[in-house]
Amino acid sequence: MILVTGASGTVGSEVLRRLPAGAEVRAMSRDPARVSAAGHAVEAVRGDHRDPRSLATALRGVRRAFLVTNAVDGDDDVRFLRAAGEAGVRQVVKLSAAAVLDHGAQDLVTRWQRSCEEALRSSGLGWTLLRPRAFMSNALGWAGSVRAEQVVRALHGNAVTSCVDPGDVAEVAVRALTEEGHEGSSYTLTGPQAISAAEQTRVLGDLLGRSLRFEELGRDQARTALRRRHPDPVAEALLESADRARDGAKAQVEDTVRAVTGRDARTFRDWAHEHLTAFTPAPGPA
């Protein structure tokens, strides 16, 4: 039995789609109705990291688990790992982040991610760490302004990041969940090139056949935009992260996707082509 947490999220949903037919899979979500397994026979269960009873139910009979947490102010990882140990789970594949390796990254989110990794390594369970760079899917945050105004707005628009397709992260997760030999491994996952927001804007415009404009956000503008979606401490951490990208800390490209899966990591153009409808205006009335 494989348990996928965060099953309706960016990576968890992709893991479910990629697990092989015939695998015994349970998907945990706060809202099981949102779980989509692309035709696979998946048992969807309600689970909350802060509800021990729901964790015990979700983990019953599980041997390998894919762990995603996002409560920066909590101890969800510790709670999950304690329950996993009691349930007899053999291996946990943990979604972390590439920033944990950057000694210059001391923001709130990265410090929390490091503590989550340490909790797993010291849990006594088998472990595999996935450390992706920023997701290409973050570009979906521009979809509304692209559709309505043909514009992309971002901070540090010329800063390059070796962003990665969440599908590639999921493919590595599936290998770690279904193959032997991944326990005790830490995988830093990037795309095949470092690309800036301004360059991503040009790629989207080319694929859409439209002239898109890039607008540089000021720091206060970026802070206001982030605070609409995140608590203030997280917004400040994301601003610090953007500054590290400006300073070149996120440009390193790794070949880990190919090493684990046997195929090249997908480019931003590949990702954007697959998700182009999100950026395409709805047709007007006939």
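I started with Glu-179, which is partly exposed at 29% relative accessibility (buried means under 20% relative accessible area, exposed over 50%, partly exposed in between, with a 1.4 Å probe and protein chains only). Glu-179 meets Arg-175 in a salt bridge, 3.5 Å from N to O; the term stands for a side-chain nitrogen of Lys or Arg within 4 Å of a carboxyl oxygen of Asp or Glu. Arg-175 is partly exposed as well, at 22%.

Before going on, I noted the ground rules: this is a predicted model, where local features need pLDDT of at least 70, side-chain atom pairs count only at pLDDT 80 or more, and totals for chains, interfaces and linings use all residues. Residues are numbered from 1 along each chain as its sequence is written, and side-chain values use heavy atoms, with hydrogens and water left out.

**Salt bridges**

What else is linked with Glu-179 and Arg-175? I found a network of salt bridges that joins Glu-14, Arg-17, Arg-18, Glu-171, Arg-175 and Glu-179. The count for the model comes to 33 salt bridges.

Next I looked up Asp-165 and Arg-266, whose side chains form a salt bridge at 2.6 Å, N to O. Asp-165 sits in the loop between strand E8 (160–161) and helix H6 (166–178), and Arg-266 in the loop between helix H10 (256–261) and helix H11 (268–274), so this pair ties together parts that are 101 residues apart in sequence. Helices here are DSSP runs of H or I with at least four residues, strands are runs of E with at least two, and both are numbered from the N terminus. Asp-165 is buried at 5%, while Arg-266 is partly exposed at 22%.

Then I turned to helix H8 (residues 219–227), where Asp-220 and Arg-223 are 3 residues apart, about one helical turn. Their side chains meet in a salt bridge of 3.1 Å, N to O. Buried or exposed, I asked of Asp-220? Asp-220 is exposed at 56%, whereas Arg-223 is buried at 18%.

**Cysteines**

How many disulfides does a search of the whole structure find? I got 0, the rule being a pair of cysteine sulfur atoms within 2.5 Å. I also checked Cys-116, which is buried at 5%, and Cys-163, likewise buried at 5%.

**Rings**

My search of the whole structure gave 2 aromatic pairs. Trp-271 and Phe-279 form an edge-to-face pair, 6.3 Å centre to centre with 80° between the planes. For the record, rings of Phe, Tyr and Trp (its six-membered ring) pair if their centres lie within 6.5 Å; planes under 30 degrees apart count as stacked, over 60 as edge-to-face and the rest as tilted. Trp-271 is buried at 2% and Phe-279 is buried at 0%. Ring pairs also bring in Phe-268, which makes a cluster with Trp-271 and Phe-279.

**Helix H2**

Which residues of helix H2 (residues 52–59) are buried? I listed Ser-54, Leu-55, Ala-58 and Leu-59. Exposed Pro-52 and Arg-53 are on the face turned away from the buried side. The cover over the buried residues includes strands E1 (2–4), E2 (25–29) and E3 (42–46), along with helix H3 (76–87), contact being heavy atoms within 4.5 Å. My last entry is Gly-61, which follows H2 and has a positive phi, near 80°.
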